[in-house]
Every structure is written in structure tokens, then in C-alpha cells.
Amino acid sequence: MDKNQIRNIVRQMDYSKSEIEIDLLTDNIKDNIDNQLYDFSLYRKDIFTQQGKKRIVYSYPNLSTEAVMCQYLKKQIDRNFRIRYASRNRIMNVFFNVLPVIKDMNDFVIIRADFKSFFDSVLSRHVYDRYIKESLMSRWDKEILEQYIEEFKYCYAGLCLSNGLTEIVCREFDSRIRAHLSKYGMFFYERYVDDILLITNKYISQNQFCNVIQHTIQEVFGDSPVKINMSPGKFSYITRRNLSTSQKFNFLGYEFEIRKVTGKNPICFKYGIAEKKRKKYTGIIERAFIQFKKDGDIELLRQRLKIYSSRVVIARTIGSSSYDWLTKGVVANYNELQFHMDALEPQTKDFLKNLYVKLLRKHGCVMPYFLKQSLTEESIYNLESNMKRNRSIMFEKNIGVSESTLLKWIRKLNPEYCNEDKDYYRMVIDYLALIKVE
């Protein structure tokens, strides 16, 4: 693990640090590795509760020697096994284009499934012994990886290496499940981490599918206690021959409704945002209205709603000539809906169109001047309007929000803000912290 590799990893882990700070961190981490001053047992366990379910997430302190070494090992795994991680946006784009085709099929089966407690179920030793031990990874990399595996029986959530280790074994699962289901005419199959969606053009019963997938799990995951989650909302099985008036399923935060209707096209679709995700965004946005009720800071609310309502694009410089692009917000995460605004399911349409007005009423706030326009015409302060227009705010100083404009926005919220010795990206981070964008 040479110095340049360490430096590149440190830079990617924290874009806001100066070059001098990066050099100092790099030297310190290199010395620790050379002198074996690292300990994979120094991880942190955080417990999160979501919908009544406790989840343990493991992590190392940011920019610690152990965290950098894990990032390095993940890069080696990705390179040696040629791992290409799935793109949520690509998957959803393909699926939105495929779904209307099934209207004309004589038969189809749509199955949405996921693995139960996936990261806590895949044995790290199984992945190492079956795939990595005899691979072309260097001896030093394998020795360090074995030290890591001694600390983690499973590929626990939160650890960057868990993504690489599970992806190795999941690629074989993808290959085998495609082969086993080929006789049922499977023409669509996508997996995003532990979420699976597939469509066949021949009938397969739910029991037949469960038998096939359980057999495939045993083939691929060995003694790992991997299981399919059969809970409502996690598993959906929809067939044309048994289609009721209306059936719904969720996938990657989107909600889909298949309706049986009379007329020329006996099947129609409604699209939306899953209820769980609508509640998440409502909670984030509601906090802005709660604060507005307390402090009456109308400028802060205005800027927050402008950001919340838009597709936020952030450019991070990698080296001297390339960028890493980040996107945030409802419009960015559900951009496929912009092409189906006339087919939104009612709850999603109401969420996009009326959320801000409902929150004003809920908290007894007087309607700000900038929201009045959003009730009658297109407005940058309306989720539905911006979704339709795919309105973006780009934080890149040459082609997006200029540095002077960004500074003006910040000083409207904090007149004492000092940008001395801060580059553009650091100012963006400060601004989003003021807005409290998540």
C-alpha cells in the first residue's frame, strides 16, 4: 500500500481538507501501516431504531488508519473481481421502460423480493474461502483481509468492505437464478444490493419460485443463514391470470400500482413514491416549518424550500480534471416520475402538490409571500412543479451557482460568515449545513 494510494483514498474520504492537511494525514497513516499500528477491533457499533426495528451499524472513525485500509482493500476487491455496482437510476429507467410492455402479454408474473437481514447473514469467511483465497489478489492484501475477517463473522452493515464481499457472492447468485428461471421466460431481472425484481412471461407459482430461490441460496451462500423476507411489503407476487382490480408493489423507493380496467387496454399503471419514503421526506421538511414557527426566519425557510424542492447537484473535484457528482432531494431520487405526471397515484400527487401548504396549516404559520404563487402557477417552491420541469440547482462554480452568488446566499442567513481560506466546495458544505440538507 503505497503513499499515493493512501493519499487518494484520504482525499476521496474528505474533499473539504486542504492539501497540507491531506499530506499530514497521509504520512501519519503510512507510518501506522508500516509499523503495524492498526487494530481492526477498534470499530464502533451504533444502534438505530427504524419502524420499531433495531439495526446495528458498524464503522471505524473517519480517516482512521483502519478506515483507510478498509477502503484500500475494497478497491483491490473491486479491481480484481471487476465489480460494477448497480445504479439505482439505471435500474429504474430500464424498469419504467419495460413495465408498459407487459400490457400486451398473454401472461406475466412480477415478483419483488429481498433478503432478510442480508448483511448480517452472509458469512465473511465463506466469501473469502470460496472466492478470494485463490484469487489473484496480492499475498499482503489477503493477509490483511484475513485479519479483518477474524473480527467480523458476517458482512455487517456500515462497513465498506461488506459491499464488496457481498457483491462477489451475489454475482453468482444472479447468474444462477437467471439460469434456473430461464424456462419460465424471465425477461427482466435486476438486483440492487439485497432488493430483487423480476418479470417472467410464463406462469410460475409462488411456491415454485420460493423453491427455486431457496435452492439457489443454498448453492451460492453455503452455510450462511441467508433467507428471503416474506413479510408484507417486502415480498410481492403478481400474476396476470390472478390479477385483482388493483395490486401494488414497491421497489427502490418507488410505488407501482397495476389496475385492471375495462376498455381497449385492460391494464393500466399508476406510479408514485413509496409511503415510507414520503414519510421520511415529510419529516425532514416538517422540521423546517417547526423552526420557522419558533423563530420566524422567513429567509431561512425560503432558501430551505427552494433547495428541498429542487434536484440538487453537487460537484466534487477529483484531482485536477475530473468530478464526482452527487445528487440530493426528492426530484433527484424520483426523477422517473417526471415522465408520468399524468399517471401519479393520488397520495404521491397530493404529497408533491400540497405538502408545504399542509405543513403551514398544521403548525399554524402565516403563508409566506413566496409560497402564494405556488398555489396557482409554476413555482420553484413547489415539489410538483419542479418534478415536472426537473428543475436543478447545480453547485459547480463554473457552470452552476457562482461563488459570489453562493456567498450572497450564505450571508443572507449568516451576515458574519467568513469565507477566507475556504474553497468553493467547503463553502457548499457550509451552506448545506446552514440549510440542514440531509
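Student: Which residues does the UniProt annotation "domain: Reverse transcriptase" cover?
Tutor: This is a predicted model. The unreviewed UniProt entry places that annotation on residues 109-256. Over this stretch the chain is 41% helix and 22% strand. Its end C-alpha atoms are 14 Å apart.

Student: What makes Asp174 and Arg191 a salt bridge?
Tutor: Their closest N and O atoms are 2.8 Å apart. The cut-off is within 4 Å, so the pair counts as a salt bridge. Asp174 sits in helix α7 and Arg191 in strand β4, 17 residues apart.

Student: Why is Arg191 called buried?
Tutor: Arg191 has a relative accessible area of 6%. Buried means under 20%, so the label holds for Arg191. Asp174, at 10%, is also buried.

Student: How do you know that Glu190 and Arg90 meet in a salt bridge?
Tutor: The N to O distance is 3.0 Å, and the limit is 4 Å. Glu190 lies in strand β4 and Arg90 in helix α4, so the pair ties together parts 100 residues apart in sequence.

Student: Is Arg90 buried, partly exposed or exposed, and why?
Tutor: Arg90 has a relative accessible area of 41%. Glu190, at 13%, is buried.

Student: Why is Lys227 called exposed?
Tutor: Its relative accessible area is 53%. Exposed means over 50%, so Lys227 qualifies. Lys227 is in the loop between α8 and β6. With Lys53, Arg55, Lys116 and Lys276, Lys227 gathers in a patch of positive charge on the surface.

Definitions and conventions: Residues numbered from 1 in each chain as written. Predicted model: local features only at pLDDT ≥ 70, side-chain atom pairs only at ≥ 80, totals over all residues. Heavy atoms only, no water. Patch = residues over 30% accessible without salt bridge, like charges linked within 9 Å, V, L, I, M, F, W, Y side chains within 5 Å. Areas by Shrake-Rupley, 256 points an atom, 1.4 Å probe, with all protein chains shown as cover. Salt bridge = Lys/Arg side-chain N within 4 Å of Asp/Glu carboxyl O. Lys, Arg positive; Asp, Glu negative; His and termini not counted. Charge placed at Lys NZ, Arg CZ, Asp CG, Glu CD. Helix = DSSP H or I, 4+ residues; strand = E, 2+ residues; numbered from the N terminus. Buried < 20%, exposed > 50% of the residue type's maximum accessible area, 1.4 Å probe, protein only. UniProt positions renumbered as here; feature names shortened; annotations may be inferred.
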